[in-house]
Amino acid sequence: MSQRFNLRALRAEFPALDQSVNGQPLVYLDNAATTQKPLCVIEAVTHFYRHDNANIHRGVHALSARATEQYEAARHSVQRALNAAAAEEIVFVRGVTEAINLVASSFGQRLKAGDEILISALEHHANIVPWHLLRERLGIVLTVIPVNDDGSLDLGALPQLVTPHTRLIAVNHVSNALGTLNPVAEICAFARTLGIPTLIDGAQGLPHGPVDVQAIGCDFYALSGHKVFAPSGVGALYARRPWLDELPPYQGGGDMIESVRFDAVRYAPPPAKFEAGTPNIEGAIGLKAALDWHRQQDWCAIAAHESSLLAQAQEGLAALPGLRLIGQAEHKAPVISFVIDGTHPHDIGTLLDAQGIAVRTGQHCAMPVLEQLGAPQGTVRASFALYNTHDEVEALLRAVHRAHRMLS
Ligand SMILES: Cc1ncc(COP(=O)(O)O)c(C=O)c1O
């Protein structure tokens with residue numbers, strides 16, 4: 001074990017993990033839905049409320065100055081976490097859903113009927129429905145990179161899918177439903193040769209290691225705080241600076257303007273131009289604490305740990321007769337989705353909960369891919385984070401075997 005990755009010490013930083021559920025020690029395996037929060041995040045938010053709570057940017061008083069300083073420091077933390085070229089390229093939003101809606105709304109104003117947005121069959125609804133809204137409003141066309149039976153993207157199909165009407169390629173970094181890790185740098189490099197901008201849904205990227213938007217070469221990258229050990233209701237959109245200068249604002253209101261008259265308005269420079277109204281200040285401060293903590297982790301050791309959890313779970317589950325793993329791409333984050341013949345995923349999930357094990361069941365906001373892979377009722381999904389242990393995987397395996405016996 002590396003000096004910086006001490007699992008026992010790391011778990012102790014997450015108070016919510018230390019509890020019993022239904023008389024059993026909690027085994028929290030629903031990390032792709034949301035992660036637990038380390039003490040430094042809880043304390044940063046509490047400290048803000050106890051000492052610094054004020055609205056930002058416009059106040060001349062001490063508390064407002066402190067709140068503003070922390071909020072803007074959080075922007076720098078996001079910049080560092082993503083290796084963006086400048087803090088001005090970071091726009092605070094509610095999460096990935098809002099980030100993609102922002103792009104769809106602002107970038108969408110450049111689109112017309114017949115323009116194409118290329119997404120993948122692996123997308124979360126957050127990277128499908130905003131484009132449907134444009135399809136309904138403007139008549140744009142959604143085209144889709146197909147998925148192979150193992151849950152990887154069929155990138156061989158990409159060149160044929162791109163046409164002179166393709167305006168944006170928008171794909172996820174990691175599939176929340178299957179765990180597939182997509183070769184986003186390769187996709188962005190391909191798009192760049194054709195001058196097509198790219199958006200990466202990074203909801204499930206940063207929770208499993210550092211992200212470098214300049215190395216990926218994307219135009220937009222979206223993250224959600226709550227997936228990366230920070231509070232919910234806060235997230236960030238990275239956008240390359242020229243886009244932020246060029247695109248129109250997403251929402252109108254206070255803080256995003258330079259001047260307002262009844263016959264004219266001048267917008268503030270980015271990123272303020274895209275941050276109308278009072279933002280989630282305490283959320284941004286919690287996000288800063290989480291990302292600063294994230295930076296200190298030993299991601300090499302964590303990657304090895306997470307892969308070994310995944311391998312252990314895959315091997316143990318595959319041994320169960322009638323159990324089908326959904327999504328077995330070569331490159332995967334530690335997410336495992338499965339169905340068991342003759343059982344409903346919700347029934348398995350309920351029986352696991354009775355044994356203290358938290359997993360997610362259903363379609364994971366990814367109906368198209370689950371239908372294609374023959375799991376229209378959804379799957380049982382166990383998603384691991386850096387604080388999960390091999391004992392917890394063992395507990396999962398025992399509980400799934402037990403649930404299977406009870407239901408068959
Ligand atoms: C891949 C992916 N994209 C988008 C989202 C939406 O994130 P949020 O609900 O935080 O906006 C999620 C959440 O599960 C996700 O996993």
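User: What should I know about the model and its numbering before we start?
Analyst: The model is predicted: local features need pLDDT of at least 70, side-chain atom pairs count only at pLDDT 80 or more, and totals for chains, interfaces and linings use all residues. Residues are numbered from 1 along each chain as its sequence is written.

User: Ok. What does the domain assignment give for the chain?
Analyst: Domain 1 is 7-30 + 298-407 and domain 2 is 42-295. These bounds come from an automatic or database domain assignment. The centres of the two domains, taken over C-alpha atoms, are 28 Å apart.

User: How many residues does the contact take from each domain?
Analyst: Domain 1 gives 25 residues and domain 2 gives 21 residues. Two residues are in contact if their C-beta atoms, placed from the backbone, lie within 7 Å.

User: Which elements give two or more residues to the domain 1 side?
Analyst: Helix 11 (299-318), strand 14 (335-340) and helix 13 (367-372) do. Helix 13 has the largest share of that side, with four residues. Helices (H or I, at least four residues) and strands (E, at least two) are DSSP runs, numbered from the N terminus.

User: And by class, what does the side of domain 1 that touches domain 2 have?
Analyst: That side has 15 nonpolar, six polar and four charged residues. Ala, Val, Leu, Ile, Met, Phe, Trp, Tyr, Cys and Pro count as nonpolar, Asp, Glu, Lys and Arg as charged, and the others, Gly among them, as polar.

User: Back to strand 14. Are its residues buried or exposed?
Analyst: Six of the six residues of strand 14 are buried, so the strand is largely enclosed by the rest of the structure. A residue is buried if 20 or more other C-beta atoms lie within 10 Å of its own, exposed if 12 or fewer, and partly exposed in between, with C-beta atoms placed from the backbone.

User: Which residues of strand 14 point which way?
Analyst: V335, S337 and V339 point one way, and I336, F338 and I340 the other. In a regular strand the side chains alternate between the two faces of the sheet.

User: How many bridges join strand 14 to strand 13 and to strand 17?
Analyst: Four bridges join strand 14 to strand 13 (residues 323-326), and four join strand 14 to strand 17 (residues 379-383). L323 has I340 of strand 14 as its bridge partner, while S337 is partnered by R381 in strand 17.

User: In what sense do strand 8 and strand 9 pair?
Analyst: Strand 8 (residues 198-201) and strand 9 (residues 220-224) pair in the parallel sense over three bridges. L199 stands opposite F220.

User: Which residues surround the ligand?
Analyst: They are A32, G95, V96, T97, H124, A126, N172, N176, D201, A203, Q204 and S224. The shell divides into four nonpolar, seven polar and one charged.

User: Which peptide bond is cis?
Analyst: The one joining P270 and P271, with omega of about 5 degrees. P271 lies in the loop between strand 12 (265-267) and helix 10 (281-295).

User: What about the phi of H57?
Analyst: H57 has a positive phi of about 70 degrees although it is not a glycine. H57 counts as partly exposed because it has 18 C-beta neighbours inside 10 Å.

Key: Near = placed C-beta within 6 Å. Pairing = 2+ DSSP bridges.
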